[in-house]
Amino acid sequence: MTTPRVFIIRHGETEWSLNGRHTGTTELPLTANGEKRIRATGQALVGDDRLIVPSQLAHIYVSPRKRAQRTLELLNLGCKDSFPWQEEQRESSSNARTDAKVQVDDDIREWDYGDYEGLTSASIREQRDKNGEGSWDIWRDGCPGGEYAE
């Protein structure tokens, strides 16, 4: 029996991740380079002789964010069933490499940055300095209008 493993894969590059802007609830597509890099990652890591062996996957959880879902699609795991977000149901593929069910789970979505959505850490610190709020630590201070660590 093999030891169970968990793989955590972050979404590919977006315009905001390129320039350090905090991205939580805003739906941004992957950049062309982001898509290219995720395809390459899938080729390098997914396969019967690779780190991620599709036939050994038991369950796949994905964020409701479109960038995360697109990342999963591009990894080319060979899921038997259609992805839950695909409107058109496809026939079960004879080329399927995994029977793992894909579940969209809000509990693994990205942080809600609230008023800080789309801002860089530097601009948040500047804004807080102007307002006399002092330094910013996301875990200590959270995000007004968004989430706080509990």
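Me: In this predicted model, does Arg67 count as buried or exposed?
Reply: A residue is called buried when its relative accessible area is under 20%. Arg67 has 1% relative accessibility, and therefore counts as buried.

Me: With which residue does the side chain of Arg67 meet in a salt bridge?
Reply: Side chains of opposite charge can pair when their charged atoms come close. Here the partner of Arg67 is Glu110, with 2.9 Å from N to O. This pair links distant parts of the chain, 43 residues apart: Arg67 belongs to helix α3, while Glu110 sits in the loop between β2 (101-104) and α4 (121-130).

Me: Which parts does the salt bridge between Glu13 and Arg37 tie together?
Reply: The closest N and O atoms of Glu13 and Arg37 are 3.6 Å apart. Glu13 is in the segment before α1 and Arg37 is in helix α2 (residues 32-45), so the bridge ties together parts that are 24 residues apart in sequence. Glu13 counts as buried because its relative accessibility is 16%.

Me: How many salt bridges does a search of the whole structure find?
Reply: The search finds 12. Glu35, Arg39, Arg70 and Glu73 are linked by salt bridges into a network. Arg50 and Asp49 also meet through their side chains, at 3.8 Å from N to O. In that pair, Asp49 counts as exposed at 64% relative accessibility, and Arg50 as partly exposed at 37%.

Me: What is the volume of the second largest pocket, and which residues line it?
Reply: Its volume is about 170 Å³. Glu110, the partner of Arg67, is one of the lining residues, which also include Arg10, His11, Trp16 and Trp111. By class, this lining has three nonpolar, five polar and three charged residues.

Me: How much space lies in the largest pocket, and which residues are closest to its centre?
Reply: The largest pocket holds about 910 Å³ of space. Its lining has 28 residues, and those closest to the centre are Phe7, Ile8, Ile9, Ile60 and Tyr61. Strand β1 (59-62) and helix α3 (66-75) each supply at least two lining residues. By class, 17 residues of this lining are nonpolar, seven polar and four charged.

Me: Which residues make the nonpolar surface patch of about 310 Å²?
Reply: The patch is made by Phe7, Ile9, Leu45 and Leu51. Ile9 lies in the segment before α1 (15-18) and, at 40% relative accessibility, counts as partly exposed.

Technical notes
Residues are numbered from 1 along each chain as its sequence is written. This is a predicted model: local features need pLDDT of at least 70, side-chain atom pairs count only at pLDDT 80 or more; totals for chains, interfaces and linings use all residues. Side-chain values use heavy atoms; hydrogens and water are left out. Patches are made of residues with over 30% relative accessible area and no salt bridge: like charges are joined within 9 Å, nonpolar side chains (Val, Leu, Ile, Met, Phe, Trp, Tyr) within 5 Å. Accessible areas come from the Shrake-Rupley method with a 1.4 Å probe; for residues, only the protein chains shown count as cover. A salt bridge is a side-chain nitrogen of Lys or Arg within 4 Å of a carboxyl oxygen of Asp or Glu. Helices (H or I, at least four residues) and strands (E, at least two) are DSSP runs, numbered from the N terminus. Buried means under 20% relative accessible area, exposed over 50%, partly exposed in between (1.4 Å probe, protein chains only). On a 1 Å grid over the protein atoms alone, a cavity is a set of points where a 1.4 Å probe fits but cannot get out, and a pocket is an open set with protein on both sides within 12 Å along at least five of seven lines; lining residues have an atom within 4 Å of a point. Grid points are joined across faces, edges and corners, and a volume is the space filled by probe spheres set on the points. Ala, Val, Leu, Ile, Met, Phe, Trp, Tyr, Cys and Pro count as nonpolar, Asp, Glu, Lys and Arg as charged, and the others, Gly among them, as polar.
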